Amino acid sequence: MAVKIPKEKDVLVISHAAKRKARRLVLQSMYEWDSVRHNPVTALSRLINLEEENTIQEFARDLMESYSEKNHEINDLIAEYAPQYPVSQLPIIDRNVLRIALTEITQGITPPKAAINEAVTLAKSFGSEKSGGFINGVLGTAVAQLCPDL
């Protein structure tokens, strides 16, 4: 699948720690959607209302909105770069960590190498023992194909 990766995107200036908190909130809302079918935007709104920092709220909303707009494309990328694992059969954490990272990469939100590192960190924190290696492998393959100049 040919995907044009934007070189730069006007993104919110936000600290690394705040982005990490925002990613965790997005992961929690996507997990809720995948496990009990609550609307992920509603779940995210509920979760971020507990956050005091506006930049975390804004980054989380932007990330969820970017995924929502491109969800079929992102799921197709997962299927392409992890063909032996149907998307619907991936562990919920792994599936959603891949969704978040591929959204960040394909939408030019985060540089690819940083997105991979953050995804591996999320996977190690919330996934199984093997999640970090799996996420790293899938995203490494995706980035090699999508961003050959890196």
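**Helix pairs**

Modeller: H4 passes H5 in a right-handed crossing (the near helix is turned clockwise from the far one by less than a right angle; helices are DSSP runs of H or I, at least four residues, numbered from the N terminus). This is a predicted model, where local features need pLDDT of at least 70, side-chain atom pairs count only at pLDDT 80 or more, and totals for chains, interfaces and linings use all residues. Residues are numbered from 1 along each chain as its sequence is written, and side-chain values use heavy atoms, with hydrogens and water left out.

Colleague: At what angle do the axes of H4 and H5 cross?

Modeller: Roughly 165°, with the axes of H4 (residues 92-106) and H5 (residues 112-126) coming within 9 Å. So H4 is roughly antiparallel to H5 (an angle over 145 degrees).

Colleague: Which residues of H4 and H5 meet?

Modeller: From H4, Ile93, Val97, Ala101, Glu104 and Ile105; from H5, Pro112, Ala115, Ala119, Leu122, Ala123 and Phe126. Contact is heavy atoms within 4.5 Å. By class, 10 residues are nonpolar, none polar and one charged.

Colleague: Switching topic, where do H1 and H2 sit in the numbering?

Modeller: H1 is residues 16-36 and H2 is residues 40-48; their axes come within 8 Å and cross at roughly 135°. H1 and H2 are therefore oblique to each other. Their crossing is right-handed.

Colleague: And what makes the contact there?

Modeller: H1 brings Leu25, Val26, Gln28, Ser29, Glu32 and Trp33, while H2 brings Pro40, Ala43, Leu44, Arg46, Leu47 and Ile48.

Key:
Axes fitted to C-alpha atoms, helices over the stretch in contact; angles between N-to-C directions. Helix = DSSP H or I, 4+ residues; strand = E, 2+ residues; numbered from the N terminus. Parallel < 35°, antiparallel > 145°, perpendicular 65-115°, else oblique. Nonpolar A, V, L, I, M, F, W, Y, C, P; charged D, E, K, R; others polar.
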